[in-house]
Amino acid sequence: MTSRRVAVTRGVSPSLARCELTRLARQPIDPVLASEQHAAYEALLEELGCELRRLPAEPTLPDSVFVEDAALVLPELAVITRPGAESRRPETPSVAEALAPLRDLAHIVAPGRLDGGDVLHIGRRVFVGLSTRSDLAGVEQLAGLLAPFGYRVEAVDFDGCLHLKSAVTRVGQGTLLVNEEWVDPAIFADFERVPVDPAEPCGGNALVIGDNVIYATGFEGTRRRLEERGIRTHTVDLSELAKAEGAVTCCSLIVEIG
Ligand code: CIR
């Protein structure tokens with residue numbers, strides 16, 4: 001069977017400037033520039049072999065471009081989250097609709113809270129950051145949903161950023177990119193680790209697409225560290241979405257098929 005890779009994305013909301021903010025002060029956001037940068041990101045996904053499933057922009061949902069937070073996609077199923085920020089909960093039904101033809105669906109339900117940006121999946125291990133958005137009730141529900149498939153779900157403390165995946169992401173089969181100031185690297189002792197350049201604390205977010213990694217511009221020291229390890233990086237400027245605390249993993253859900 002031929003394998004395919006689908007990337008679910010959603011256009012930038014014209015109301016993006018009214019996004020949720022946790023760590024950053026509000027700055028003006030140019031929705032046109034944000035859309036252009038997002039289009040370049042989508043073009044890169046296509047260049048790297050993804051089929052795009054682009055959901056229409058949601059004018060009344062400022063953060064809806066960050067589709068990662070609405071679901072966790074695994075080979076066996078997709079778990080639709082219950083985002084920690086109330087303003088983001090209406091984002092999930094349309095993501096569920098997009099994923100329904102591709103995966104069986106399960107759901108996190110009240111009172112559990114879970115943002116996809118807090119979920120780092122690597123093989124049969126699933127690390128979930130305890131954050132302002134994801135709580136133990138959400139982690140326990142996720143563990144229950146994934147146990148039948150043999151996944152081990154572990155809650156992780158971290159600090160310094162909004163989501164766990166702002167601090168640590170997968171950049172290869174068993175290799176992680178980590179900001180060791182924000183999350184204890186001992187938690188990931190079973191994996192190869194590339195520490196971010198200490199001058200680039202926000203450089204911990206990267207998106208793996210097969211043998212390639214999509215990475216934001218502006219973290220040249222960390223990008224060099226990745227390249228020195230033989231990791232092929234492709235950069236994209238997402239500076240306008242970064243003002244809304246978004247990065248490269250946040251803007252897509254990658255679904256492997258076949
Ligand atoms: C929020 O606060 O929910 C959005 N402004 C940013 C979400 C970024 N998503 C992610 O890191 N997975």
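Reader: How many aromatic pairs does the structure hold?
Author: This is a predicted model, where local features need pLDDT of at least 70, side-chain atom pairs count only at pLDDT 80 or more, and totals for chains, interfaces and linings use all residues. Residues are numbered from 1 along each chain as its sequence is written; side-chain values use heavy atoms, with hydrogens and water left out. Rings of Phe, Tyr and Trp (its six-membered ring) pair if their centres lie within 6.5 Å. The number of aromatic pairs in the structure is 3.

Reader: Is the pair of Phe 127 and Phe 188 stacked or edge-to-face?
Author: Planes under 30 degrees apart count as stacked, over 60 as edge-to-face, and the rest as tilted. The ring centres of Phe 127 and Phe 188 are 4.9 Å apart. Their planes stand at 70 degrees, so the pair is edge-to-face.

Reader: How many residues apart are Phe 127 and Phe 188?
Author: Strands (E, at least two residues) and helices (H or I, at least four) are DSSP runs, numbered from the N terminus. Phe 127 sits in strand S7 (residues 125-130). Phe 188 sits in the loop between strand S10 (175-178) and strand S11 (192-195). The pair links distant parts of the chain, and the separation in residues is 61.

Reader: What is the relative accessibility of Phe 188?
Author: Buried means under 20% relative accessible area, exposed over 50%, and partly exposed in between (1.4 Å probe, protein chains only). Phe 127 counts as buried, at 0%. Phe 188 counts as buried too, because its relative accessibility is 0%.

Reader: Which residue joins Phe 127 and Phe 188 in a cluster of ring pairs?
Author: Phe 127 also makes an edge-to-face pair with Phe 191, at 6.1 Å centre to centre and 80 degrees between the planes. Phe 191 lies in the loop between S10 and S11, so this pair ties together parts that are 64 residues apart in sequence. Both Phe 127 and Phe 191 are buried. Ring pairs link Phe 127 and Phe 188 into a cluster with Phe 191.

Reader: Which residue lies over the face of Tyr 151?
Author: A charge sits over a ring if NZ of Lys or CZ of Arg is within 6 Å of the ring centre and within 35 degrees of the ring normal. Here the distance from the ring centre is 4.2 Å, and the residue is Arg 124.

Reader: How many salt bridges does a search of the whole structure find?
Author: A salt bridge is a side-chain nitrogen of Lys or Arg within 4 Å of a carboxyl oxygen of Asp or Glu. Lys 243 and Glu 240 form one, with the closest N and O atoms 3.0 Å apart. The search of the whole structure gives 19.

Reader: With which residue does Glu 68 form a salt bridge?
Author: Glu 68 is in the loop between strand S2 (51-55) and strand S3 (71-73), and its partner is 97 residues apart, in helix H4 (residues 164-167). Both residues are buried. The closest N and O atoms are 2.8 Å apart, and the partner is Lys 165.

Reader: Which strand does S9 pair with?
Author: In strand S9 (residues 168-172), 4 of the 5 residues are buried, so it is largely enclosed by the rest of the structure. A hairpin of 2 residues leads on from S9, and Arg 170 has Leu 176 as its bridge partner. The pairing is antiparallel over 4 bridges, and the partner strand is S10.

Conventions: Pairing = 2+ DSSP bridges.
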